[in-house]
Amino acid sequence: MASLKNFLEKKKFVRIPLILTATDHFEIRAKINSVEGKFILDTGASNTCIGIDRVDHFKLISKESKIKAAGAGATNMDTLISKKNRIELRSWNYTKLKVVVFDLKHVNEALLAHNAKPVDGIIGADILKKSKAIIDYDKKCIYLKKKKH
């Protein structure tokens, strides 16, 4: 029987390693607007998010938003929206990424409290759906379907 890796690579999926953190979150490296960062992979987050303190770092142009963010013990947080960003996860990319920007201080404080390193943001279900993502928890990797050109 073919391995999952071989099967998915034949179907034009790209394999990306995940790092299991001390908090049992998966961490993934991604480039936003050609700038590399460290992100938590969060299947429960509806959108990809970046910390407000990282806006300039990732060259985001953001506008006020009426959306309120909630998660990791914090609720009703003000957000900004940044549209038309480019994300790269190895050879998988998308050029119309909408990023929700808000204060991720509570997320990073929780990570630091468990001896994990802070992150720049969260890769959410928007990317997972768009890429037809398949997470292999056992092998600590994710597969993203490459777009047809």
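**Surface charge, ring pairs and backbone in a predicted model**

Lys 63, Lys 83, Lys 84, Lys 96, Lys 98, Lys 130, Lys 132 and Lys 147 form a positive surface patch. Two or more residues of the positive patch come from each of strand S7 (74-89) and strand S8 (92-102). This is a predicted model, in which local features need pLDDT of at least 70 and side-chain atom pairs count only at pLDDT 80 or more, while totals for chains, interfaces and linings use all residues. Residues are numbered from 1 along each chain as its sequence is written, and side-chain values use heavy atoms, with hydrogens and water left out.

A patch takes residues with over 30% relative accessible area and no salt bridge, joining like charges within 9 Å; a salt bridge is a side-chain nitrogen of Lys or Arg within 4 Å of a carboxyl oxygen of Asp or Glu. Strands (E, at least two residues) and helices (H or I, at least four) are DSSP runs numbered from the N terminus. Lys 83 is found in strand S7 and is exposed, at 58% relative accessible area. Exposed means over 50%, buried under 20%, and partly exposed in between, with a 1.4 Å probe and protein chains only.

The aromatic side chains come next. A pair of aromatic rings is described by the distance of the centres and the angle of the planes. Rings of Phe, Tyr and Trp (its six-membered ring) pair if their centres lie within 6.5 Å; planes under 30 degrees apart count as stacked, over 60 as edge-to-face and the rest as tilted. By this rule there are 2 aromatic pairs. Phe 26 and Tyr 137 have ring centres 5.7 Å apart and planes at 40°, so this pair is tilted. Because Phe 26 lies in strand S3 (residues 26-32) and Tyr 137 in the loop between strand S10 (134-136) and strand S11 (141-145), the pair ties together parts that are 111 residues apart in sequence. Phe 26 is buried at 10% relative accessibility, whereas Tyr 137 is exposed at 53%.

For Phe 39 and Phe 58, the centres are 5.9 Å apart and the planes at 45°, so this pair is tilted. Phe 39 belongs to strand S4 (residues 35-41) and Phe 58 to the loop between strand S5 (49-51) and strand S6 (62-71), so parts 19 residues apart in sequence are tied together. Phe 39 is buried, with a relative accessible area of 0%, and Phe 58 is buried at 0%.

Lys 12, a residue other than glycine, has a positive phi near 70°. Lys 12 sits in the loop between helix H1 (4-10) and strand S1 (13-17) and is exposed at 54%.

Definitions and conventions:
Patches are made of residues with over 30% relative accessible area and no salt bridge: like charges are joined within 9 Å, nonpolar side chains (Val, Leu, Ile, Met, Phe, Trp, Tyr) within 5 Å. Accessible areas come from the Shrake-Rupley method with a 1.4 Å probe; for residues, only the protein chains shown count as cover. Lys and Arg count as positive and Asp and Glu as negative; His and the chain ends are not counted. The place of a charge is taken as NZ of Lys, CZ of Arg, CG of Asp or CD of Glu.
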